[in-house]
Structure formats: C-alpha cells, structure tokens
Amino acid sequence: MQGTVTEDGTGAPVPQCTVSASNAGTWIQSLTDVNGHYVISGLPDGDYRVFFQCGETYRNEFHNDAIDYDSATLVSVSSTTAISFLNHRSHYH
C-alpha cells in the first residue's frame with residue numbers, strides 16, 4: 001500500500017505523518033517523507049483499517065475521515081492486484 005498525505009484545503013504535502021495499517025490486531029507503520037509519500041510493504045492479503053497521525057496540528061483519523069476503529073472504512077489488499085494506492089487529506093483541529 002502506498003499513497004500521499006496532503007493538507008485538506010491547500011493540498012500541501014504533510015511530512016512526518018505516521019500511517020498505520022491494522023488487520024486482526026496487528027499494526028504495520030510507515031512515515032511520510034518530505035513530499036507526504038508513504039509506502040507500507042509486506043502486507044498479507046486482507047482488509048485493513050488505515051490510521052493517520054500527523055502531529056498536533058492535524059486530527060488523528062482513519063481513512064475516509066472516520067474517527068474510530070469500528071467506523072473505519074476497510075481497505076482491501078491483495079497480492080493478485082496492482083499496488084494499492086491510498087491517498088489521504090489531513091484536517092486541521
């Protein structure tokens with residue numbers, strides 16, 4: 001899984017954002033680079049909840065702006081498909 005984290009409204013990249021993917025209680029993390037890009041490699045096939053923690057300026061939230069684990073949109077990862085791209089826009093507090 002890979003993608004880019006950008007600021008909601010401006011589209012500016014958000015560096016040093018922790019992106020975490022969870023499946024069955026296991027969390028795998030990556031950190032965005034100066035361009036807001038991240039890669040989480042080695043994910044087994046399955047459905048994941050993806051969480052974005054981008055510092056004190058932005059809200060911590062799951063993909064599609066979900067505020068908690070149970071309401072998070074599942075993202076499917078499969079080794080038989082191309083690399084999954086998951087972009088995210090971070091919102092200010």
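Visitor: Which residue in S8 does Val5 stand opposite?

Guide: The model is a predicted one. Strand S1 covers residues 2-7, and strand S8 covers residues 88-90. S1 and S8 pair in the parallel sense over three bridges. Within S8, the residue opposite Val5 is His88.

Visitor: In S4, what is the bridge partner of Gln2?

Guide: S1 is also joined to strand S4, residues 37-39, by three bridges. These two strands run antiparallel. The partner of Gln2 in S4 is Val39.

Visitor: How many of the six residues of strand S1 are buried?

Guide: Buried here means a relative accessible area under 20%. By that cut-off S1 is mostly covered. The number of its six residues that are buried is five.

Visitor: Which element gives the most residues to the largest nonpolar core?

Guide: That core has 17 residues, and Met1, Val5, Tyr38 and Phe52 touch the most other members. Two or more residues come from each of strand S2 (18-23), S5 and strand S7 (75-77). With three residues, the element that gives the most is S5.

Visitor: Is the aromatic pair of Phe51 and Phe62 stacked or tilted?

Guide: A pair of aromatic rings is described by the distance of the centres and the angle of the planes. The structure holds four aromatic pairs. For Phe51 and Phe62 the distance is 4.6 Å centre to centre, with 50° between the planes. Planes under 30 degrees apart count as stacked and over 60 as edge-to-face, so this pair is tilted.

Visitor: How many residues apart in sequence are the parts that the pair of Phe51 and Phe62 ties together?

Guide: Phe51 belongs to strand S5, residues 46-53, and Phe62 to strand S6, residues 61-62. Both Phe51 and Phe62 are buried. The pair therefore ties together parts whose separation in sequence, in residues, is 11.

Visitor: Why is the pair of Phe62 and Tyr69 edge-to-face?

Guide: The ring centres of Phe62 and Tyr69 are 6.0 Å apart. Phe62 is buried at a relative accessible area of 6%, whereas Tyr69 is partly exposed at 30%. Edge-to-face requires planes over 60 degrees apart. The pair qualifies because its planes stand at 80°.

Visitor: Which residue lies over the face of Tyr69?

Guide: Tyr69 is part of a cluster that ring pairs form with Trp27, Phe51 and Phe62. At 4.3 Å from the ring centre of Tyr69, the residue over its face is Arg49.

Conventions
Residues are numbered from 1 along each chain as its sequence is written. This is a predicted model: local features need pLDDT of at least 70, side-chain atom pairs count only at pLDDT 80 or more; totals for chains, interfaces and linings use all residues. Side-chain values use heavy atoms; hydrogens and water are left out. Rings of Phe, Tyr and Trp (its six-membered ring) pair if their centres lie within 6.5 Å; planes under 30 degrees apart count as stacked, over 60 as edge-to-face and the rest as tilted. Helices (H or I, at least four residues) and strands (E, at least two) are DSSP runs, numbered from the N terminus. Buried means under 20% relative accessible area, exposed over 50%, partly exposed in between (1.4 Å probe, protein chains only). A charge sits over a ring if NZ of Lys or CZ of Arg is within 6 Å of the ring centre and within 35 degrees of the ring normal. A nonpolar core is a set of buried Ala, Val, Leu, Ile, Met, Phe, Trp, Tyr and Cys residues joined through side-chain atoms within 4.5 Å. Two strands pair if DSSP finds at least two bridges between them.
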